[in-house]
Amino acid sequence: MNDLNAFTGLVRRCVEDYDMIAPGDTVAVGVSGGKDSLVLLMALNELRRYYPKPFTLEAITVELGFNGMDFAPVAELCDTLGVPYTRLKTDIKEVVFDVRKEDNPCSLCAKMRRGALCTALSERGITKLALGHHFDDVVETYMLSLFYEGRISCFSPVTYLDRADITLIRPLLYVPEHYVRSFAKRHELPIVHNPCPADGNTKRQEIKDLLKSLEKTMPGVRERIFGAMQRYPLEG
């Protein structure tokens with residue numbers, strides 16, 4: 001369990017730096033079935049064992065409606081961890097791909113998933129939602145905004161949604177994606193394959209490829225971009 005302790009140490013530092021968890025919080029982890037959210041669930045479950053601010057943990061999945069996505073192994077993992085697990089069935093896939101036939105499906109899908117999560121949390125009286133965005137997601141989102149929207153912007157470590165009265169937290173922001181990937185593999189986490197037709201064919205994938213190429217001639221470019229963002233906090 002040494003790697004779990006080390007991993008949780010990075011998560012704890014991020015949680016403390018941005019004051020993400022208060023005593024008595026119930027933190028719901030948005031579990032998509034991907035490696036990021038499952039690793040976040042594992043890390044927060046370990047953190048709650050010794051964190052000085054006691055909190056409880058739940059897991060919640062928004063099922064998009066794609067065929068072949070089996071969340072039974074995720075339910076088994078949550079049962080093993082002693083974490084209550086909720087699965088929300090939706091018609092998001094049908095709306096995005098079959099009805100609206102979106103040219104940019106990821107944006108609408110994300111909004112609908114977020115809305116479903118917030119509604120479910122509000123019904124349960126939960127006001128804190130943990131999302132699995134990691135270090136690489138931060139850098140990629142910044143680059144996406146810069147290159148495709150012509151603005152300097154990124155999501156915040158902590159975001160309060162006043163309409164829903166829910167606070168979003170992102171405890172994996174100090175953790176690089178390769179660390180998340182290797183952790184998930186070592187612990188044989190039950191990753192659920194997402195058959196979304198947009199997977200791997202997005203602008204974000206283009207930015208991933210660009211950063212990978214830049215790293216060959218400018219090692220550490222991701223860390224420098226992340227550090228610049230921390231030194232000069234950006235609105236939003």
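Analyst: Let's take the labels one by one, with the cut-off behind each.

Before we start, this is a predicted model, where local features need pLDDT of at least 70, side-chain atom pairs count only at pLDDT 80 or more, and totals for chains, interfaces and linings use all residues. Residues are numbered from 1 along each chain as its sequence is written, and side-chain values use heavy atoms, with hydrogens and water left out.

User: Why is the pair of Phe7 and Tyr179 called edge-to-face?

Analyst: Rings of Phe, Tyr and Trp (its six-membered ring) pair if their centres lie within 6.5 Å; planes under 30 degrees apart are stacked, over 60 edge-to-face, and the rest tilted. A search of the whole structure finds six aromatic pairs. In the case of Phe7 and Tyr179, the centres are 5.1 Å apart and the planes stand at 70 degrees, so edge-to-face it is. Phe7 belongs to helix H1 (residues 2–17) and Tyr179 to helix H7 (residues 177–186), so the pair ties together parts 172 residues apart in sequence. Helices here are DSSP runs (H or I, at least four residues), as are strands (E, at least two), numbered from the N terminus.

User: What makes the pair of Phe135 and Phe226 tilted?

Analyst: Their planes are at 35 degrees and their centres 4.7 Å apart, so the pair counts as tilted. Phe135 is in helix H6 (residues 135–149) and Phe226 in helix H9 (residues 221–231), so this pair ties together parts 91 residues apart in sequence. Ring pairs also link Phe135 and Phe226 with Tyr18 and Tyr174 into a cluster.

User: How do you know that Phe7 is buried?

Analyst: Buried means under 20% relative accessible area (exposed is over 50%, partly exposed in between; 1.4 Å probe, protein chains only). Phe7 has 0%, so Phe7 is buried. Phe135 and Phe226 are buried too.

User: What makes Lys203 count as sitting over the ring of Tyr148?

Analyst: The rule wants NZ of Lys or CZ of Arg within 6 Å of the ring centre and within 35 degrees of the ring normal. The charged end of Lys203 is 5.6 Å from the centre of the Tyr148 ring, and sits over that ring.

User: Why is one side of E3 and of E5 left without a neighbour in the sheet?

Analyst: Strands pair if DSSP finds at least two bridges between them. The open sheet runs E3-E2-E1-E4-E6-E5, with mixed pairing. Strand E3 (85–89) and E5 stand at the edges with a single partner strand each, so one side of each has no neighbour there. E5 (residues 158–161) pairs with E6 (residues 166–169) in the antiparallel sense over four bridges.
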